[in-house]
Amino acid sequence: MESLLWYATRAAGMVSLILFTAVGCLGMLTVGRWQRPGWPRFLTAEFHSNLALLSVVFIVIHVLIAALDPYTSLGLSSALVPFSSPYRQFWLGLGGVSMYLFAAIVATSLLRSRVGRRTWRAVHWASYAAWPLAIMHSVGTGTDGGTAWGLLLVGGCVLAVGGCLAWRVAATRVARAEIKAALPSRGTFS
């Protein structure tokens, strides 16, 4: 039974990382107004939101199993208080901080109409910190972080986010250039 829990927490952690990566990629594509023919933009936003909620489920599974597994004997306090665990304190702490940032992102998204767009957006920027912290947690804490397939998984996640981020930056530059071109030049009056 103990080994089953150990495998379950590892699997839930890996699934969480994949889902968190997909959520980040979809978020960048959505904000950059990425579209496919026949795929309305609102579906991308809805898919992003629903995938974020699914990733929360897997993060909760990952954390609870790790905290309650007698093999790891981490305990709930190590799971809930970052940098308090005697086991790989720094790396587990990064995972805890990432978890709390992600929780804040999800909570403000669910309460977006009450917290306002400005607050929601400011908190959403935390995803640019939460995801790299999750990557570092995975590599530093994960049993599979140093294995070839573990590094391939993390590398694939990094490439996906890096590609989406590069696309988002390029799309933002193009949009700004189009806006600037559409505006009348400063200092000229007709």
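Q: How are H4 and H7 oriented relative to each other, roughly parallel or roughly antiparallel?
A: This is a predicted model, so keep that in mind throughout. The axes of H4 and H7 cross at roughly 150° and come within 8 Å. Angles over 145 degrees count as roughly antiparallel. So the pair H4 and H7 is roughly antiparallel.

Q: By class, how many nonpolar residues does the contact of H4 with H7 have?
A: On the H4 side, the contact includes Trp91, Leu92, Val97 and Phe102, while H7 brings residues including Ala129, Leu133, Met136 and His137. The crossing of these two helices, H4 and H7, is left-handed. By class, the contact of H4 with H7 has no charged residues and 6 polar ones, and its nonpolar count is 12.

Q: Which residues of H6 make the contact with H4?
A: H4 (residues 89–110) packs against H6 (residues 117–124) at about 160°, with the axes 9 Å apart. The two helices H4 and H6 are therefore roughly antiparallel. H4 supplies Ala104, Ile105, Thr108 and Ser109 to the contact, and the H6 residues are Trp120, Val123 and His124.

Q: What is the handedness of the crossing of H4 and H6, left-handed or right-handed?
A: By class, the contact of H4 with H6 has 4 nonpolar, 3 polar and no charged residues. As for handedness, the crossing of H4 and H6 is left-handed.

Q: Why are H7 and H8 described as roughly antiparallel?
A: H7 and H8 pack with their axes 11 Å apart, and H7 passes H8 in a left-handed crossing. The cut-off for roughly antiparallel is an angle over 145 degrees. H7 and H8 are therefore roughly antiparallel, with an angle of about 165°.

Q: How many charged residues does the contact of H7 with H8 have?
A: Tyr128, Trp131, Ile135, Ser138 and Val139 of H7 meet a set in H8 that includes Val154, Cys157, Leu165 and Arg168. By class, the contact of H7 with H8 has 9 nonpolar and 1 polar residues, and its charged count is 1.

Q: Which helix gives the largest share of the lining of the largest cavity?
A: The structure holds 1 cavity of 30 Å³ or more, and the largest cavity has a volume of about 730 Å³. Helices giving two or more residues to its lining are H1 (2–31), H2 (41–68), H3 (75–80), H4, H7 (127–141) and H8 (148–182). The largest share, 8 residues, comes from H1.

Q: How many residues in the lining of the largest cavity are charged?
A: The largest cavity is lined by 37 residues, and those nearest its centre are Gly13, His62, His137, Ser138 and Thr141. Split by class, the lining of the largest cavity has 19 nonpolar and 16 polar residues, and the charged ones number 2.

Q: Which residues lining the largest pocket are the closest to its centre?
A: About 1100 Å³ of space lies in the largest pocket. H1, H2, H4, H6, H7 and H8 each give two or more residues to its lining. Of the 35 residues lining the largest pocket, the closest to its centre are Gly27, Val31, His48, Trp120 and His124.

Q: How many charged residues are there in the lining of the largest pocket?
A: Take the lining of the largest pocket by class: 19 residues are nonpolar and 9 are polar. The charged residues of that lining number 7.

Notes: Residues numbered from 1 in each chain as written. Predicted model: local features only at pLDDT ≥ 70, side-chain atom pairs only at ≥ 80, totals over all residues. Heavy atoms only, no water. Axes fitted to C-alpha atoms, helices over the stretch in contact; angles between N-to-C directions. Helix = DSSP H or I, 4+ residues; strand = E, 2+ residues; numbered from the N terminus. Parallel < 35°, antiparallel > 145°, perpendicular 65-115°, else oblique. Left-handed = near helix turned anticlockwise from the far one by under 90°. Contact = heavy atoms within 4.5 Å. Nonpolar A, V, L, I, M, F, W, Y, C, P; charged D, E, K, R; others polar. 1 Å grid on protein atoms, 1.4 Å probe; cavity = no way out; pocket = protein on both sides within 12 Å on 5 of 7 lines; lining within 4 Å. Points joined across faces, edges and corners; volume = space filled by probe spheres on them.
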